[in-house]
Amino acid sequence: MCALRRLGVDYRDRRLIGNLYMSQSFKVRVDGDDFEPGIIGRGTRQGFQLSPLLFNIYIQELMNEAVADSTDGEKVGGELLHSIRLADDQAMVASSEEDLQSMMEKVDETSE
């Protein structure tokens, strides 16, 4: 939720989003018989309209922190390119294997 706070999302909206994603439960019905509800816990709700936006916000935040001071990458059109993303796929760009390893370690540290 820190990324949403930094973007200026009001605390009431952040709380609403958190409530939408926390303690999701489900019930299984087989041939008309209901079984005990289960708790999914936390995570991205598959098919929910807000999920892709939240994913993009958080992955951008993660990448910003991971490559904040990095000079690794390749220049494309005068801009230093660190990563390429399409939908939920991402590729990291570096000028050497060592630079790529360093960037991946920063991503790993940032995501903890």
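This report walks through the salt bridges in the structure above.

## What we're looking at

You have a predicted model here, where local features need pLDDT of at least 70 and side-chain atom pairs count only at pLDDT 80 or more, while totals for chains, interfaces and linings use all residues. Residues are numbered from 1 along each chain as its sequence is written, and side-chain values use heavy atoms, with hydrogens and water left out.

## Charged pairs

Side chains of opposite charge can pair when their charged atoms come close. For a salt bridge, a side-chain nitrogen of Lys or Arg has to sit within 4 Å of a carboxyl oxygen of Asp or Glu. How many salt bridges does the structure hold? There are 3.

## Glu61 and Arg6

Let's start with Glu61, which pairs up with Arg6 in a salt bridge, their closest N and O atoms 2.3 Å apart. Glu61 belongs to helix H3 (residues 51-66) and Arg6 to helix H1 (residues 2-6), so this pair ties together parts that are 55 residues apart in sequence. Helices here are DSSP runs of H or I with at least four residues, numbered from the N terminus.

Are the two partners buried or exposed? Glu61 is buried, at 19% relative accessible area, whereas Arg6 is exposed, at 54%. The cut-offs are under 20% for buried, over 50% for exposed, and in between for partly exposed (1.4 Å probe, protein chains only).

## The other pairs

Arg29 and Asp34 make a salt bridge too, with 2.7 Å between the closest N and O atoms. Arg29 is exposed at 60% relative accessibility, and Asp34 is partly exposed at 43%.

Then there's Asp10, whose side chain meets that of Arg12 in a salt bridge at 2.8 Å, N to O. Asp10 counts as partly exposed, with 29% relative accessibility.

Technical notes. Helix = DSSP H or I, 4+ residues; strand = E, 2+ residues; numbered from the N terminus.
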